[in-house]
Amino acid sequence: MFDNYLVRADSLRNDLVDGELVGFQLAVRIANYRGVYLSLHTGYFLEVDGVLYPREAQTFEVNGKPPRDFGEIRTAVHEHWDYDDEAILHIRAPGGLPAGEHVVRFQQCVIAAYGYLPTDEEWVKAPPSPGTGAGSDKTPHIVTYTLTLNEPAKA
Amino acid sequence: MKTGVSLYSYQQSQFFKELTLEDQIREVGENLPGADGIEIVDEMSLRYPDPGDAFVARWFDWMDKYGTVPVTMDVSFDVLQFRDHVMNHDEVAERLRNDIRFAHKLGFSNVRVLSTCPLDVMVKALPEIERLGMRLGKEVHQPMALEGQQVTEIIDYAEKHGTSAIGIVPDFGIFGFRPTEVLLAQYERRGAKREASDGAVELSALLREGKGPFDFADIAKQTAGNLRSEFKRFLTTGESIPALKGPFEALRAFADERVPQPSELDYIVVAEAIMQSHTSFDTMRQLTGHVVSCHGKFNNMSQIPGRPGEYHDLAIDYEGAIKALKDGGYQGYINTEYEGQRYSQDRTRAEMMDEVEQVRRHHKMLRRLIAA
């Protein structure tokens with residue numbers, strides 16, 4: 001769903017902390033027609049210009065709280081990511097991205113479902129790897145965006 | 001019979017911030033003659049799980065202002081919410097009871113649970129529904145049918161316990177008899193062959209006539225999402241749930257005979273034919289007393305050839321559905337549930353569907369069929 005709009009087109013920018021480029025960020029929306037409990041949100045398949053940035057390099061900023069890694073997001077079992085709300089995905093990448101256009105391949109992994117599934121016990125042990133299509137809810141394919149880097153965001 | 005709209009129909013307009021919740025309610029109250037019913041998906045329309053008292057007051061102001069009525073609230077459950085274990089039925093029922101109280105606070109008469117919600121969970125929540133004088137309905141969604149255990153067990157429970165507080169919410173997708181043209185068009189944009197679309201339509205017709213190359217009984221037990229993922233697993237690994245293996249093999253052979261050098265996507269397109277419910281209108285008529293409310297599901301309203309200004313969904317038998325409910329003496333709501341917008345969401349916003357226009361056309365059709 002909303003394939004071309006899950007990432008806001010003008011949202012790619014480097015993250016500047018204490019004058020240092022520590023990575024970059026994107027603004028994202030949930031790939032569903034409803035919000036879900038935040039704990040169900042398990043990370044992203046994210047490749048920029050052919051470089052893969054794994055879940056471990058990602059933090060997630062939502063609901064007015066500072067960015068959290070996906071280990072912490074996992075514990076947000078009573079916090080909801082509402083349908084209307086944009087969140088910021090931060091990627092740790094020292095030096096940030098160079099100016100200009102970037103090709104971003106993207107898939108969100110949210111283990112929301114219509115009830116019980118055969119994969120439930122397996123996903124309690126470990127959520128599916130982002131990018132496989134499993135646990136990716138309503139947009140099970142990787143979407144490609146071409147985005148231009150904007151002015152850096154200061155933390 | 002009364003009419004309304006599930007605001008699910010406006011999910012895209014909400015996503016793009018083109019219509020606020022109030023705008024959606026106003027559209028129903030002011031621009032759809034005769035309609036006053038409001039249905040929502042709680043996790044789509046509201047700050048969940050608690051939008052606050054100021055919101056609740058505003059909600060009732062809107063109902064007064066636009067002459068609308070809260071009818072049914074649609075709720076979900078995600079069994080991996082706690083992440084360290086799979087929620088058991090007691091935990092799912094606890095969430096459901098919370099959602100029921102939430103719905104009651106907003107003046108809804110009914111709560112709809114997903115088609116996958118176990119009867120046991122509904123029964124555990126039933127005392128709360130009865131205490132509040134509400135009704136709890138399980139959605140009957142394609143490819144489920146009205147025939148079969150999932151519906152029968154609810155009807156049996158209601159009749160055995162003499163209660164009307166538990167029942168069903170038929171989704172009119174169960175009266176679909178072929179894949180919608182907007183889904184097939186989307187597959188073709190992704191590279192599927194025209195012959196695959198034609199094959200899906202042909203196989204649908206054969207299955208409808210009972211002349212298909214396999215039996216349908218096992219298929220109707222699965223949700224459409226599960227069927228799709230199982231078929232994909234079958235294509236990739238040759239494995240699937242045992243009951244589905246035979247039908248899947250026959251399906252692949254059917255596609256091989258019609259589609260030149262079929263790709264994985266082509267097989268997936270032909271498999272859309274098995275997503276239909278093939279349920280009976282006579283069963284619908286007989287079960288009318290157990291209907292809590294209806295989802296008037298549709299995917300695309302197009303002009304009826306040769307009848308300017310009149311619309312239909314060419315893949316769903318609305319005439320049969322409305323007649324069955326009428327014959328059964330149905331007095332409740334049919335709430336429009338537009339879903340076909342998602343099949344244009346691979347495109348740019350300008351090329352996507354106009355939800356407001358589609359829902360208006362749907363109501364034009366409902367008025368024609370209800371008056372017939």
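## Chains A and B at a glance

Chain B has 15 helices and 10 strands; helices (H or I, at least four residues) and strands (E, at least two) are DSSP runs, numbered from the N terminus. This is a predicted model, where local features need pLDDT of at least 70, side-chain atom pairs count only at pLDDT 80 or more, and totals for chains, interfaces and linings use all residues. Residues are numbered from 1 along each chain as its sequence is written, while chains are lettered from A and ligands numbered from 1 in the order in which they are written.

**Chain B overall**

- Chain B has a radius of gyration of 21 Å, in agreement with the value near 21 Å for a compact globule of 372 residues; the radius is taken over C-alpha atoms, and the globule rule is 2.2 Å times the number of residues to the power 0.38.
- Along the principal axes, its C-alpha atoms fill a box of roughly 60 × 50 × 45 Å.
- Of the 372 residues of chain B, 51% count as buried (20 or more other C-beta atoms within 10 Å of the residue's own; exposed is 12 or fewer, partly exposed is in between, and C-beta atoms are placed from the backbone).
- Take the contacts in chain B between residues at least 6 apart in sequence: 79% of them join residues at least 24 apart. Contact here is C-beta atoms, placed from the backbone, within 7 Å.

**Two domains in chain B**

- Domain 1 covers 2-176 + 277-371, and domain 2 covers 181-275; the bounds come from an automatic or database domain assignment.
- The C-alpha centres of domain 1 and domain 2 of chain B lie 28 Å apart.
- Between them, 17 residues of domain 1 of chain B touch 16 residues of domain 2 of chain B.

**Where B meets A**

- 29 residues of chain B are in contact with 27 residues of chain A.
- Helix 1 (11-15) and helix 3 (42-45) of chain B each supply at least two residues to the chain B side.
- That chain B side divides into 13 nonpolar, 9 polar and 7 charged residues.

**A sheet in chain A**

- Four strands make an open, antiparallel sheet in the order 5-4-10-11; two strands pair if DSSP finds at least two bridges between them.
- Strand 5 (51-52) and strand 11 (143-148) of chain A sit at the edges with a single partner strand each, so one side of each has no neighbour in the sheet.
- Strand 10 (residues 101-110) of chain A is joined to strand 11 of chain A by 6 bridges, and E101(A) has T148(A) as its bridge partner.

**Backbone spots to check out**

- Most residues other than glycine have a negative phi, and most peptide bonds are trans.
- H278(B) has a positive phi near 50°. H278(B) lies in the loop between helix 12 (264-271) and helix 13 (281-287) of chain B and counts as buried, with 21 C-beta neighbours inside 10 Å.
- R208(B), in helix 9 (residues 194-208) of chain B, is in contact with F177(B) and H278(B), leaving aside neighbours within four places in sequence.
- F2(A) also has phi near 50° and is buried, with 24 other C-beta atoms within 10 Å.
- The Y48(B) to P49(B) peptide bond is cis, with omega near 0°.
- Q142(B) and P143(B) are joined by a cis peptide bond too, with omega about 5°.

How values were computed. Two residues are in contact if their C-beta atoms, placed from the backbone, lie within 7 Å. Ala, Val, Leu, Ile, Met, Phe, Trp, Tyr, Cys and Pro count as nonpolar, Asp, Glu, Lys and Arg as charged, and the others, Gly among them, as polar.
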